[in-house]
Amino acid sequence: METRRVVVTGMSVIAANGNDKNEFFENSLNGVGGIRKTNLFPSDQLRTDYFGQVQKEYVYEIQSAQQDTRLENIFDDLCTDLLLDSGITVDDIRGFGYKAGFSFATSVGTNDYTTAHVKGILVNALSKSNLHKLPVKLGIQGPIFTNTSACSAGTTAIGTGFSLIKAGNADMVVAGGIDPLTEFSSYGFHALQSLSKEPCKPFDKNRSGISIGEGGALFLLEELQAAKSRNAKIYGEIIGYGLGNDAYHPTSPDPTGKGAYRVMSQAIEQSGLASEDIDYINAHGTGTVLNDDMEVKAMNDLGGNYHVSSTKSLIGHCLAAAGAIEMAATVLCVSEGAVFPTINSVDVEFDYPKITFVKHKGLDQPVKYALSNSFAFGGNAASILIGAYKDE
């Protein structure tokens, strides 16, 4: 049976420290973060006023049921950038017919309508959602998925696209995730006492919680021969994917790190590599005491000798979009030969001889294989493995 290979042939990113892929890469590599005081909503009753707010001017409170939401605004810009970056058109996508798929992740979604209803701005808009319009804009006629598995959803959405192509159920999939910054999610994490009063500092001895961010990333995933047939630029290859559940607690991760270890091991095993082959891990790295502790334990138990950093220190925790944006960070590290840093962290708590925590500023160095991790409420866990593309 033919072994189908899945490559990344296009991507677009919007995050707190970059309005596009290139700006995101340059700022991240140079340790320029985007977590700052928000002006979207009053934050005086929250534990913090620091958020990873994107710098593009998108609508926050919609005034009519016909108005596009913040998520849709971000999606439109990401689509424009994705099509330009990949050199493909909507007509090209339609040409794939039922072999073109769409795999998307969101947590907050288009609940702007619900918020507007509760505030009395809109009437009878409680159940309105425009998520169904997203794949239509791209001419997708094949399988469609929306994943809402909390903070692992972005990675799971991309893993779903990877699996569809590997299985022969699609030749091309647009995959990714978007979450907007809202009062709804901010007050939720405030109630959980999870927000950091200052910009988050993953792995630091004095870390105290997360900084919520927003934004998104989209990818064009293609079966290798389909990509070659149109002379597509190839950023890298997805070579492994792990998905699991801690089965431990509704919100807290298994403190032993066994769930995180399982999905990383699954991704590596699927690829046929060994842990010693991994050069870089883009950690989930939230900046909470429990998550960082268990994830570092899991990475150490995995074996190997690699660099580690957390993109959340640069842009905040983007909820369901986190895995998508961090996938972009990981793919860029592989394609550009670089390692992103963790900023804000001054005194790293963990001391393992084979794990190098990259701080303050990134490194220019080859990355042949890299993992991107996402761990979520409910024990949802996902890890995806990216390799530098080799034409065999």
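How many nonpolar, polar and charged residues does the lining of the largest cavity have, by class? The lining has three nonpolar, three polar and four charged residues; in this scheme Ala, Val, Leu, Ile, Met, Phe, Trp, Tyr, Cys and Pro count as nonpolar, Asp, Glu, Lys and Arg as charged, and the others, Gly among them, as polar.

The model is predicted: local features need pLDDT of at least 70 and side-chain atom pairs count only at pLDDT 80 or more, while totals for chains, interfaces and linings use all residues. Residues are numbered from 1 along each chain as its sequence is written, and side-chain values use heavy atoms, with hydrogens and water left out.

**The cavity**

A search of the whole structure finds one cavity of 30 Å³ or more. A cavity is a set of points, on a 1 Å grid over the protein atoms alone, where a 1.4 Å probe fits but cannot get out, and its lining residues have an atom within 4 Å of a point. Grid points are joined across faces, edges and corners, and a volume is the space filled by probe spheres set on the points. The volume of the largest cavity is about 100 Å³. Among its lining residues are Tyr 60, Glu 61, Asn 111, Lys 119 and Glu 183. The largest share of this lining, three residues, comes from α4; helices (H or I, at least four residues) and strands (E, at least two) are DSSP runs, numbered from the N terminus.

**Salt bridges**

Side chains of opposite charge can pair when their charged atoms come close. A salt bridge is a side-chain nitrogen of Lys or Arg within 4 Å of a carboxyl oxygen of Asp or Glu, and by this rule the count comes to 19 salt bridges. Three of these pairs are listed below.

| Salt bridge | N to O distance |
|---|---|
| Glu 237 and Arg 5 | 2.9 Å |
| Glu 183 and Lys 119 | 2.8 Å |
| Asp 292 and Arg 207 | 3.3 Å |

Glu 237 lies in strand β8 and Arg 5 in the segment before β1, so this pair ties together parts that are 232 residues apart in sequence. Buried means under 20% relative accessible area, exposed over 50% and partly exposed in between, with a 1.4 Å probe and protein chains only. Glu 237 is buried at 9%, and Arg 5 is buried at 15%.

Glu 183 and Lys 119 form a salt bridge that links helix α7 to the loop between α4 and α5, 64 residues apart. Lys 119 is partly exposed, with a relative accessibility of 41%. A network of salt bridges links Glu 61, Lys 119 and Glu 183, and these residues also belong to the cavity lining.

Asp 292 and Arg 207 are both buried. Asp 292 lies in helix α10 and Arg 207 in the loop between α7 and β7, so their pair ties together parts that are 85 residues apart in sequence.

Helix α9 has 14 residues and reaches 20 Å from its first C-alpha to its last, close to the 20 Å expected at 1.5 Å a residue; the expected span is 1.5 Å times one less than the number of residues. Its buried residues include Gly 259, Val 263 and Ile 268. The cover over the buried residues of α9 includes β8, β9 and α10. Just after α9, Gly 272 takes a positive phi of about 85°.

Helix α10 also has 14 residues and reaches 20 Å. Among its buried residues are Asn 291, Asp 292 and Leu 302. Gly 303 follows α10 with a positive phi near 85°.

Key
Contact means heavy atoms within 4.5 Å. On a 1 Å grid over the protein atoms alone, a cavity is a set of points where a 1.4 Å probe fits but cannot get out, and a pocket is an open set with protein on both sides within 12 Å along at least five of seven lines; lining residues have an atom within 4 Å of a point.
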